[in-house]
Amino acid sequence: MQQGYSKHRDLMPDVLTAAKQIRQGERSSVSLVELCLQRIKTHNSTLNAFGDVFEQAALREAEACDREAAEGHWRGPLHGVPFGIKDLFSTAGLRTTKGSLTSLENVPDSDAPIVTRLKAAGAILLGKTATTEFGWTGSSYSRVFGHGRNPWNTALTSGGSSSGSAISVAAHLVPGALGSDGGGSVRIPGAFCGLFALKASLGRIPTWPWSATEMLSHAGPLTRTVRDSALLFDLLSGPDARDHQALPDKNECWLERCDRPLPRFRVAYAATMFNTPVDAEIATQVELAVEKIAQGLPVELIPIQLDWESPFETFNTLWTGGRGVAYGAALHQQMDLLDPGFATLIERSKSIGLADYLSAQKQRAAFANSVHALFEDIDLLVMPTLPVQPFAADRQTPADQPEGDSGVEWARWTPFTWPFNLTGNPAATLPCGMTSQGLPVGLQVIGRRYAEGDVLQFCAAIEDLLPWAQHLPPQA
């Protein structure tokens, strides 16, 4: 390790801090990659955050970044900063297992758009992070990587399907990581692991290859701070010809937005949705946080009761139909290799007809209309991210919920996340408190469509009001 960097050797910086330290010559990229590799070596056998780790390739890239920095050449704003990449994202020449025993030899020819843009910004791909099989469930159950373990209590689930990405950031194995969200898959592990995670408006960050649940699926980062996420969305957003849903370039810098004075947003607060019982400790911490927000921020807080009916069957049909039919056709001769829950989903998809699928699309539109109507009168909606605390890591569902056979039983214990995949609204989670057992509690902030700037600005103000960085999990 080069002299002059030792004062940082035991600290894992967040993304913005890492980039600043490297650019100002306070830390080398090599020293940061070495720190990540050392922490992965120490903790990964317990946490199951990473699959493949590209140790030698990452060190070579870090050495190149340091040489270029010495010559005054910078690849981009993330020059020399290492990242974890969810193993659902295609990485050219690097194995992408998608968390399935059926894909252990899958090596794509091309990078996903989000990976291309991360590299273009100067980041280093440190390794592929664990995911549930084809990202189908909200737990961290995995037969490929081992069940993901929560850094705050390793007996418990981290949540999924971006399990490894959340674990790796929360446990300070890397400064940041990429994930995806088709029903809560960045917000669920974000809430359980005490991170910030934003599911943006549909198409904000382009996705490719095509997904059978493209109308639900979003790509995005998991980070320790709101401003880290804002920076990454600034770098990763924008159109791509391979994604027909990709949105045009946005017209403002979201990182700068986070430091502007907060407007007097009209903020609705709902303690629950669909009459779902909320764990008492979660309810208490969320209510306390909302009280502090009302007292400490220049917003108009409006308590409301949401009268929407649950669109569970709508989501169930779209998720099961899309995933089940597409993967069932491709994997019909490998069913014995699949996670039993995913095999159940494929089997159930056989009973979904075209009329059922089209009816679900119509129901989705009706529910979305109801949600969008609410945002004609408010700017933001806040509520718990999840109604349950983390449960045992070897389970797909909480102990008091039968695992069932619908194929999407995980959606029953995550009723506050996937509805906003149906509607396309930006929705973020950020830590707002802690239970008596020392587990993070997530507050979800939802905005009107395409108003991610509002969500990020508001969340940055909450983060300043209720700082979280001082809380470190035992595995950090």
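A salt bridge is a side-chain nitrogen of Lys or Arg within 4 Å of a carboxyl oxygen of Asp or Glu. Side chains of opposite charge can pair when their charged atoms come close. By this rule the structure above has 19 salt bridges. One of them joins the side chains of Arg 95 and Asp 52, with N and O 2.9 Å apart. This pair ties together distant parts of the chain, 43 residues apart: Arg 95 sits in the loop between strand 2 (82–86) and helix 4 (113–120), while Asp 52 belongs to strand 1 (residues 50–53). Helices (H or I, at least four residues) and strands (E, at least two) are DSSP runs, numbered from the N terminus.

Before going on, a word on the model: it is predicted, so local features need pLDDT of at least 70 and side-chain atom pairs count only at pLDDT 80 or more, whereas totals for chains, interfaces and linings use all residues. Residues are numbered from 1 along each chain as its sequence is written, and side-chain values use heavy atoms, leaving out hydrogens and water.

Let us stay for a moment in the loop that holds Arg 95. Lys 98 is found in the loop between strand 2 and helix 4 as well. Although Lys 98 is not a glycine, its phi is positive, about 55 degrees.

Now look at how helices pack. Helix 2 (residues 29–47) meets helix 3 at an angle of about 160 degrees, with the axes 8 Å apart; axes are lines fitted to C-alpha atoms, for helices over the stretch in contact, and angles run from 0 to 180 degrees between N-to-C directions. The angle makes helix 2 roughly antiparallel to helix 3, since angles under 35 degrees count as roughly parallel, over 145 as roughly antiparallel, 65 to 115 as roughly perpendicular and the rest as oblique. By class, the contact has seven nonpolar, one polar and four charged residues. Here Ala, Val, Leu, Ile, Met, Phe, Trp, Tyr, Cys and Pro count as nonpolar, Asp, Glu, Lys and Arg as charged, and the others, Gly among them, as polar.

Ala 69 also lies in helix 3 (residues 55–70). Leaving aside residues up to four places away in sequence, Ala 69 touches Trp 74 and His 79. From Ala 69 to Pro 209 is a step of 140 residues in sequence and 34 Å in space, C-alpha to C-alpha.

That step brings us to the loop between strand 7 and strand 8, where Pro 209 lies. A cis peptide bond joins Trp 208 to Pro 209, with omega about 0 degrees. Ser 211 lies in the loop between strand 7 (196–199) and strand 8 (218–223) too. The side chain of Ser 211 reaches the backbone nitrogen of Thr 213 at 3.1 Å. Not counting residues up to four places away in sequence, Ser 211 touches Ser 217 and Arg 323.

Arg 323 leads on to helix 10, where it is one of the residues that meet helix 11. The axes of helix 10 and helix 11 (residues 340–349) come within 7 Å and cross at roughly 100 degrees. Helix 10 and helix 11 are therefore roughly perpendicular to each other. Their contact divides into seven nonpolar, five polar and three charged residues.

Helix 10 (residues 312–331) has another partner in helix 12 (residues 354–374): the two axes come within 9 Å and cross at roughly 130 degrees. That makes helix 10 oblique to helix 12. Thr 314, Thr 317, Leu 318 and Gly 322 of helix 10 meet residues of helix 12 including Tyr 357 and Ala 360.

Technical notes. Polar contact = N/O pair within 3.5 Å; in protein donor to acceptor, adjacent residues only side chain to side chain. Contact = heavy atoms within 4.5 Å.
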